[in-house]
Amino acid sequence: MTGKGMGEMPDDIFVTRSTLPPLEEYLREITPLWDSHWITNMGEKHNLLQAELERVLKVQYLSLFTNGHMALELCLQAMELEGEVITTPFTFISTIHAIVRSGLTPVFCDIEPERYTIDADQIEQLITENTTAIVPVHVYGNLCDVDAIEKLAKKYSLTVIYDAAHAFGVERDGVGAGAFGDASMFSFHATKVFHTIEGGAVAHRDATLDDKLYKIKNFGICNEVEIDRVGANAKMNEFSAAMGLCNLRHFEEEIGKRRQVHDRYIERLTGVKGVTLPKWQPGVKPNYAYFPVLFDEALFGANREDVYKALMAIGVHTRRYFYPLANSLDCIGGRFDAGNTPVAERVADRVLTLPLYAELSPADVDRVCDGLLALYRRR
Ligand SMILES: *Cc1c(COP(=O)(O)O)cnc(C)c1O
């Protein structure tokens, strides 16, 4: 299916495509590694990227990791949390795995119907004497109700660790997404708006935590003869850091291109009955990471599964993201109380993220929209 001739299927459109810097730029970035032979363990590229990201994300401390998952998991462990953690089922399963693998019990709170983030009004009723933390998730680049969450955290002395995997570059009134709560995890996976191939980070404001994170991602090692805690290996290597340094130079341009794709979707799909388009919050600088659309079958004439299949049939790959809900999975909901999360269920059953990446052409956006609108007109 690669030909573009008459009667043949055009090339498939995938939901995302990793951005890569010009090859020469990456080669220039990694050339010094052949001189130094220092290719991992907090080398020059690692340290440079860390400093650059602290500046770009407007955060005080940043600790780099092999991936976002290990960043969150080891952050929870470095903080030595116990008991129950209130979180959302409307997330990538990694969030919940990090909680469970740290020996903590996830308590599921429902989400807000408009921004799909944890419903802060419902958190308080879930707090028990065993609650120690809240792990909210910024979804698709929407920020959680960070003010309400902060108030609750103060009132009940809870730690707040944001899963900010979707929120790279997002700011509210000039404040970086990573500046809220006690810590925030970012993912630099190849599919995210900014990537280091695989990678992640914890942003925070605490010198003591910085020291703990540094050790826990390097086997707990303090010096040649001392190891003061059980740790893991989750250090970012120099080749990943070099990719990050290159991608960072093109980040603003990347977001600009994503915005154009986003705007074309908005233009083509505004006014279509039964389609809920993303709405960004006032005062929040979005990063155009995802283009989530909700389908209401009664008005649109087709449900999410119909749309998913019809688009797949014309070579357009969309993603049911996030579906299924974390608390409906046997490995999680079968082990812990799934809670009562009807809004999350409704959204998970209706949502589809449409293809969105910097190099997606206007013609391709039109192909996605035409495929979608064909279903609508048939109703
Ligand atoms: C991508 C993602 C993660 C995991 O990050 P990795 O870098 O892939 O390990 C966690 N949570 C959310 C919400 C994500 O989107």
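**Ligand site**

I started with the ligand and found a polar side-chain atom of His166 at 3.0 Å from one of the ligand's oxygen atoms. I count a polar contact as a pair of N or O atoms within 3.5 Å; within protein, one must be able to donate a hydrogen and the other to accept it, and residues adjacent in sequence count only if both atoms are side-chain atoms. Taken alone the ligand exposes 380 Å², and the protein buries 93% of that. (Those areas are Shrake-Rupley values with a 1.4 Å probe; for residues, only the protein chains shown count as cover.)

Before going further, I noted that this is a predicted model, where local features need pLDDT of at least 70 and side-chain atom pairs pLDDT 80 or more, while totals for chains, interfaces and linings use all residues. Residues are numbered from 1 along each chain as its sequence is written, and side-chain values use heavy atoms, with hydrogens and water left out.

Which backbone atoms reach the ligand's oxygens? I found a backbone N or O atom of Gly68 at 2.8 Å from a ligand oxygen, and a polar backbone atom of His69 at 2.8 Å from an oxygen of the ligand.

The shell has 16 residues, with Gly68, His69, Asp163, Ser187 and Lys192 coming nearest; to be in it, a residue needs a heavy atom within 4 Å of the ligand. I sorted the shell by class and got 4 nonpolar, 10 polar and 2 charged. For the classes, Ala, Val, Leu, Ile, Met, Phe, Trp, Tyr, Cys and Pro are nonpolar, Asp, Glu, Lys and Arg are charged, and the others, Gly among them, are polar. At least two shell residues each come from α3 (68-78), α4 (93-101) and β8 (183-187). Helices (H or I, at least four residues) and strands (E, at least two) are DSSP runs, numbered from the N terminus.

**Pocket and cavities**

Where does the ligand sit? I placed it in the largest pocket, on the rule that more than half of its atoms lie within 2 Å of the pocket's grid points. The grid is 1 Å over the protein atoms alone: a cavity is a set of points where a 1.4 Å probe fits but cannot get out, a pocket is an open set with protein on both sides within 12 Å along at least five of seven lines, and lining residues have an atom within 4 Å of a point.

The largest pocket has a volume of about 300 Å³. Of its 21 lining residues, Phe92, Ser94, Ser187, His189 and Lys192 are closest to the centre. Volume here is the space filled by probe spheres set on the points, which are joined across faces, edges and corners.

I also got 3 cavities of 30 Å³ or more. The largest cavity, about 70 Å³, is lined by residues including Thr19, Asn247 and Glu254.

Most residues other than glycine have a negative phi, and most peptide bonds are trans. I found a cis bond joining Tyr321 and Phe322, omega about 15°, and another cis bond joining Tyr323 and Pro324, omega about -5°. Phe322 lies in the loop between α10 (304-313) and α11 (342-350). Asn41 has a positive phi, near 60°, and is in the loop between α1 (23-36) and α2 (44-56).
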